Structure formats: structure tokens, C-alpha cells
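Welcome! Please take a moment to look over the sequence and the model, and then let us walk through a few places together.

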Amino acid sequence: MSAIVSATDARRSRVRLLIVTMLFLVTTVNYADRATLSIAGASLSKELHLDPIAMGYVFSAFGWSYVIAQVPCGWLLDRYGSKWVYAISIIVWSIFTAMQGLVGFLSAGTAVILLFGLRFLVGIAEAPSFPANARIVASWFPGNERGTASAFFNSGQYFATVIFAPLMGWIAHEYGWRHVFYVMGGLGIIMGIAWIKTIYEPQEHPGINEAEFDYIKEGGALVDMDAAKGGKAQDSGPRWEHIRQLLANRMMLGIYIGQYCINTLTYFFLTWFPVYLVKERGLSILQAGFVATLPALCGFIGGVLGGVISDYLLRRTGSLTMARKIPIVGGMLLSMSIIACNYVDGQALVVGFMALAFFGKGIGALGWAVVSDTSPKEAGGVSGGLFNTFGNLSSITTPIIIGYILAATGSFNGALVFVGANALVAAIAYLFIVGEIKRVQLKAA
């Protein structure tokens with residue numbers, strides 16, 4: 001530590017705020033890169049002659065590999081630490097994002113195959129991101145700040161749309177859809193370099209003083225989670241027995257089910273929502289990019305507010321279970337308002353109900369705070385990987401199911417009911433399956 005002062009006499013540094021800001025920025029770029037295909041999708045599908053089912057499968061390519069790679073990447077994080085695994089992840093997914101712009105120069109059949117392959121590779125490269133976010137929050141934040149910190153970085157998924165949906169819509173309109181991928185890929189590479197310069201473990205950061213270090217450690221932060229890893233493999237690491245115990249834990253299974261359903265809303269928004277605005281509501285691609293910002297902004301506000309409410313409830317009640325469950329259940333019930341879009345015609349009302357639904361989804365999106373609260377110290381990456389595996393199965397199923405609903409009915413009405421029903425199931429999972437929320441204690445093998 002750079003400042004040798006006592007915890008009682010010194011003013012605490014605020015390095016952890018810089019750390020969570022960096023997590024927020026990286027998560028924003030992460031989700032913007034996931035959404036590139038949805039913004040370019042209407043023009044791309046027209047140029048490559050893709051029907052809704054084919055687009056559904058292309059949208060799902062990211063999800064297949066992202067899910068498959070979760071547990072292996074969680075293992076890498078536990079074995080080598082968060083900083084360098086994450087840094088490589090950011091740079092590699094950005095390169096693959098930029099390469100997607102090249103598919104427009106190929107014949108339609110070849111372009112579709114290459115596009116699916118590149119989206120598949122982006123999924124693998126992005127797999128460490130959220131387990132790493134959860135590990136870093138667990139190591140940098142005391143328990144009474146963890147909900148807000150997790151909600152803040154997680155809200156980057158909405159902020160990505162607020163900032164980048166209009167930008168990408170404008171780029172696609174003015175310069176063509178290929179340039180959306182070039183610009184976002186280049187931005188991601190810059191972000192990867194900034195990450196390397198910014199992120200350290202608590203005991204290694206040059207800006208932290210003893211007062212802040214003691215404060216976060218005494219508050220329950222796992223400050224030595226990556227101690228002495230230094231990018232080198234360790235003799236010990238997470239084991240398959242850890243995975244078995246996590247899968248046998250009722251609390252964790254309820255959390256996994258809830259996250260699958262919550263992410264159904266996320267992946268509707270990231271894949272089919274701009275297409276819904278263009279094809280069902282008659283907007284141009286440029287208009288869709290701007291209209292998408294209001295629900296996203298409400299999701300961002302709800303996301304930050306959910307974390308603040310959760311940590312406030314924790315301080316007032318001392319009950320971690322109540323503090324996490326109340327915003328999650330309430331937010332999911334509010335998200336069911338997405339179904340109301342089927343019963344209104346005006347664009348303002350449609351956008352209003354979408355905004356209300358994503359505000360609720362933001363409030364309830366506390367899953368990563370729960371992961372930081374419950375993951376065992378010796379398997380934080382694997383625990384986050386399992387959580388994200390189950391949660392992101394919906395990245396595969398959501399675009400495909402909605403594609404089939406559209407092909408069968410010619411309308412988004414059934415799709416919105418499907419999304420709203422998942423919000424209800426998420427609330428039920430937290431109410432009746434999860435039980436008490438507490439850190440998992442693994443048994444010795």
C-alpha cells in the first residue's frame with residue numbers, strides 16, 4: 001500500500017470507486033458489442049436475404065459459445081486471477097467484433113456462415129467478463145456496498161443502449177451497417193488497454209491507503225482472493241467437487257432459474273427489440289436507434305436504484321435475504337408490463353410500457369450482487385461461471401423461440417407474452433425456491 005497511515009487517523013481513499021467505474025465502462029462496451037447485430041440486423045437481413053428463423057439462429061450464435069465457455073473461463077479466473085484473463089478477453093472480443101463488418105463483402109451463404117462463426121467467437125471471448133466483475137466486486141467492496149456496486153456495473157448493459165444505440169443507428173444510416181462493427185471493435189481495443197493500466201488487486205493498487213484497505217477488509221471484502229497469482233498457474237484451484245456442491249445447493253438452483261428468466265428480458269432487448277420497432281411499429285433504423293434509448297435509460301435508472309434500495313434495506317434490517325429479494329421480486333412483477341404493449345397502438349404508449357418494463361427489470365437485476373454474496377472464496381470464478389451459464393441459456397433460447405413465434409404468427413404479440421411470463425417465473429423462483437441468501441460453505445472433498 002502506498003500510504004502508511006493508521007486506519008483511525010487517515011481519511012479513506014476511494015480507489016474502489018475508480019474500480020467499479022471501470023467495470024461499468026467495460027460492461028457498457030461489452031453490451032454495446034453484443035447489440036451491434038441487433039442494430040445492424042434489419043439492413044443486414046435484407047441484404048443477405050435472411051428470414052426470421054435464420055436471424056434467430058444468427059442472434060443465438062453468441063449465446064451458444066458464451067454459455068459453453070462460462071465454467072472453463074470461471075476456472076481460468078480462479079486459477080490466474082481477474083486482471084489478465086479479463087484484459088485478454090476484452091481485446092479478443094473486440095477484434096472479432098470488428099471482423100463482422102467484413103461479411104458484407106462475401107456471398108450471402110458464405111456471409112451467414114462466417115457471421116455465425118464470428119458471433120460464436122465473440123461469445124467465447126466475452127465469457128469471463130461477468131464472473132470477473134463479480135470476483136472484483138467481492139474483493140474490492142464490503143458487504144454493505146456490494147449491492148450498489150454490482151447494480152452499478154450491471155447497469156452498463158442499459159447505458160450501452162442509451163449511448164450506443166443512437167450512435168450505431170446513425171452510423172448504419174449514414175455509412176452502412178458494416179461500419180457499426182468497425183467502430184465498436186476499435187473502441188473495445190482501446191478499452192482493453194485502459195483496463196490494463198487501471199485494474200489491480202486491493203493489496204497491489206498504488207492509490208489505495210491503509211484506511212480504505214482496512215475498511216473493505218473488515219467489511220467482508222475478499223481482499224486476498226487473487227493474492228500471489230500474478231498470472232501464473234497455482235498448484236491448487238477449483239475442482240469438479242466444487243461444481244457438484246454448487247449444483248446440489250437449493251439456494252443456488254433457485255438463483256440460477258431466476259437469472260435465466262431475468263436474462264430473457266435482456267436478450268429480447270439485445271436481439272429482437274430494434275427489429276420489433278422497425279417491422280411491427282414501422283420505424284426507420286435511425287428512429288429505432290433513438291427510440292430504444294428511453295427504455296434503456298429507464299433500465300439504467302432502475303438498475304442503479306435497485307442496488308441503492310437493496311443496500312439501504314440491508315443497513316436497516318440486517319437481513320441480506322430481504323434486502324436482495326424485495327427489489328428482485330418487485331422488479332420482476334413490474335417487468336410484466338411489457339405484455340401491455342400488445343393492447344395499445346400509439347408509439348408513445350408502446351415505448352412507455354417498454355420503459356416501465358425495463359425500469360422494473362433494472363430494479364430486479366441484482367443477480368450479480370447475490371453471486372458476490374453467496375460464492376465461496378475458493379471458487380468465486382466457477383460459481384459466477386455456473387450462474388452465468390444458466391442465466392445465459394436464455395441467450396440461446398430467447399432469439400430462437402421468438403423467431404419461431406414470428407414465423408408461426410407473423411406478429412410479436414406472442415413474443416411479448418413469452419417475455420412477460422419469464423419475469424413472473426423469476427419472481428416465483430426467488431419467493432419459493434431460493435430461501436435464505438448466504439455464502440456457500442464448501443465441504444472438503
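Is cysteine 261 buried or exposed? Cysteine 261 is buried, at 4% relative accessibility, where buried means under 20% relative accessible area, exposed over 50%, and partly exposed in between (1.4 Å probe, protein chains only). Before going further, please note that this is a predicted model, in which local features need pLDDT of at least 70 and side-chain atom pairs count only at pLDDT 80 or more, while totals for chains, interfaces and linings use all residues. Residues are numbered from 1 along each chain as its sequence is written, and side-chain values use heavy atoms, leaving out hydrogens and water.

Let us stay with the cysteines. A disulfide is a covalent bond between the sulfur atoms of two cysteines; here the term is used for a pair of cysteine sulfur atoms within 2.5 Å. The structure holds zero disulfides. Cysteine 298 is in no disulfide either, with the sulfur of cysteine 341 as its nearest, 12 Å away. Cysteine 298 is also buried, with a relative accessible area of 19%.

Glutamate 126 lies in helix α5 (residues 108–126); helices are DSSP runs of H or I with at least four residues, numbered from the N terminus. Glutamate 126 counts as buried, at 0% relative accessibility. Its side chain is joined to that of arginine 34 by a polar contact of 2.8 Å. A polar contact is a pair of N or O atoms within 3.5 Å; within protein, one must be able to donate a hydrogen and the other to accept it, and residues adjacent in sequence count only if both atoms are side-chain atoms.

Aspartate 373, in helix α17 (residues 367–374), is buried as well, with a relative accessible area of 5%. The side chain of aspartate 373 makes a polar contact of 2.7 Å with the side chain of arginine 324. Beyond its neighbours within four places in sequence, aspartate 373 is in contact (heavy atoms within 4.5 Å) with Arg146, Leu320, Arg324, Lys438 and Arg439.

Finally, look at helix α10 (residues 210–218), whose buried residues are Ala211, Glu212, Phe213, Asp214 and Ile216. After α10 comes glycine 220, with a positive phi near 105°.

Notes. Helices (H or I, at least four residues) and strands (E, at least two) are DSSP runs, numbered from the N terminus.
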